[in-house]
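Please walk through this structure with me.

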2 protein chains.
Amino acid sequence: MARAPVTSEPDHSAAGKLPAEGTQARRFGKTRSAQSTALLEDYAELIADLLASEGEARPTDIARRLGVSHATAIKSISRLKRAGLATARPYRGVFLTEKGHALAERVRVRHRLVVDLLRALGVPSEAAEADAEGIEHYVSEITLKAFAQFLKSR
Amino acid sequence: MARAPVTSEPDHSAAGKLPAEGTQARRFGKTRSAQSTALLEDYAELIADLLASEGEARPTDIARRLGVSHATAIKSISRLKRAGLATARPYRGVFLTEKGHALAERVRVRHRLVVDLLRALGVPSEAAEADAEGIEHYVSEITLKAFAQFLKSR
DNA sequence: GTCAAAATGTAGTACAGGCTACAAATTACA
DNA sequence: TGTAATTTGTAGCCTGTACTACATTTTGAC
Ligand SMILES: [Mn+2]
Ligand SMILES: [Mn+2]
Ligand SMILES: [Mn+2]
Ligand SMILES: [Mn+2]
């Protein structure tokens, strides 16, 4: 059983490396929850982009741009609907609700800020765009502020 | 049908906003593949940390630090074994293979670099640690180099 | 040495997000 | 107008990651 002492956990062998259990668990939990919204964010952003530049966002186009099958896209769009982020009219495309639009806007801002920061640090644009597609979903408000601050004052 | 013209896709209505379909699909695909390895990376890193600081990495401890049930941790450890990254001896803990150790080392370096960069940009340490836990899995080699370069020359 | 606590393992469930294959509806065009 | 291509929808399958509940094994303490 537990190597845990009766009273408290004083200190470990090696130099203070590991964070407290609760702290670490909270961090990982935050990451897991961000991961579960990442897909919704990408769909919302893409749909908004398509609506803006093409006037419509059809499941087939969404699927092609994401690099997944149309069946997969349709299922994910269903999840967006369930989450109250989108609506759809067959052969007429997908639309964003108020909530979906607000999400897309936040995501767009984040995406751009992350790309701009990476570019400012000397990352080539294609790598910056590719990395940002993942990074953007894990950047907190505080970090976002720091990015903006850095970009402004340099 | 396809609004796609017979020949080529010249230019869209709005200002050149969207990337080419293939490019965008490749970026999203890269992100999806990074996502699928994120969990393996976190486990490898955590196991290495526990082995270094506690001398052992038991499923229960791993589960507690990750904030998941022990059943979940055991299943994920199975995936690590299947991937040739870890081995385990019941009641004796989990161990990393050569390959697993190498992965943990790479992840540890990345984790630290990401945290250091965020800190350098003025992000408070707890936010930096929390965000890094997600970001680290989506940073390419090129971007990592840029981070290191920036940290060195500032 | 016994026995309770802790750790581990297993089973069953749920949901997300992939896929292929097939069916139905719509649209475009000859 | 009729037909073929496109788009959309559905079904069934798989894997991954989470959970709870229960069973088994090991360990630690008395
Ligand atoms: Mn993204
Ligand atoms: Mn994005
Ligand atoms: Mn991580
Ligand atoms: Mn990490």
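Across the interface of chain B and chain A, 19 residue pairs are in polar contact, both residues at pLDDT 80 or more. A polar contact is a pair of N or O atoms within 3.5 Å; within protein, one must be able to donate a hydrogen and the other to accept it, and residues adjacent in sequence count only if both atoms are side-chain atoms. Helices H1 (21-54), H2 (59-66), H4 (98-120), H5 (125-135) and H6 (141-152) of chain B each give two or more residues to the side that touches chain A. H1(B) gives the most, with 17 residues. Helices are DSSP runs (H or I, at least four residues), numbered from the N terminus.

This is a predicted model: local features need pLDDT of at least 70, side-chain atom pairs count only at pLDDT 80 or more, and totals for chains, interfaces and linings use all residues. Residues are numbered from 1 along each chain as its sequence is written, chains are lettered from A and ligands numbered from 1 in the order in which they are written, and side-chain values use heavy atoms, with hydrogens and water left out.

The interface also carries charge pairs. Between chain B and chain A the count is 6 salt bridges. A salt bridge here is a side-chain nitrogen of Lys or Arg within 4 Å of a carboxyl oxygen of Asp or Glu. B:Glu126 and A:Arg27 form a salt bridge through their side chains, at 2.7 Å, N to O.

How many residues of chain B are in contact with chain A? The count is 54 residues of chain B, against 55 residues of chain A. Contact means heavy atoms within 4.5 Å. The two chains bury about 4,900 Å² between them, 55% of it on carbon and sulfur atoms. B:Arg27, B:Phe28 and B:Arg65 supply 15% of the area that chain B buries against chain A, more than any other three residues. Buried area is the accessible area (1.4 Å probe) that two parts lose on being put together, summed over both.

Now the symmetry. A rotation of 180 degrees, with 0.0 Å of shift along its axis, superposes chain B on chain A (RMSD 0.0 Å). That is the relation of a two-fold axis. B:Ile135 comes closest to the axis of all chain B residues, at 2.5 Å (C-alpha). The copies meet through the same surface, because 98% of the interface residues of chain B are also interface residues in chain A.

Next, the metals. Donors are N, O and S atoms within 2.8 Å of the metal (3.2 Å for Na, K and Ca); water is not among the atoms, so sites may look incomplete. A:Asp42 lies in helix H1 of chain A and A:His137 in the loop between H5 and H6, so the pair ties together parts 95 residues apart in sequence. Both A:Asp42 and A:His137 are buried. Buried means under 20% relative accessible area, exposed over 50%, partly exposed in between (1.4 Å probe, protein chains only).

The manganese ion (ligand 2) is 3.6 Å from the manganese ion (ligand 1), and A:Glu133 coordinates both. Ligand 2 is coordinated by A:Glu45, A:His111, A:Glu133 and A:Glu136, at 2.2 to 2.6 Å.

Notes. Copies are superposed by least squares on the C-alpha atoms of residues with pLDDT of at least 70 in both.
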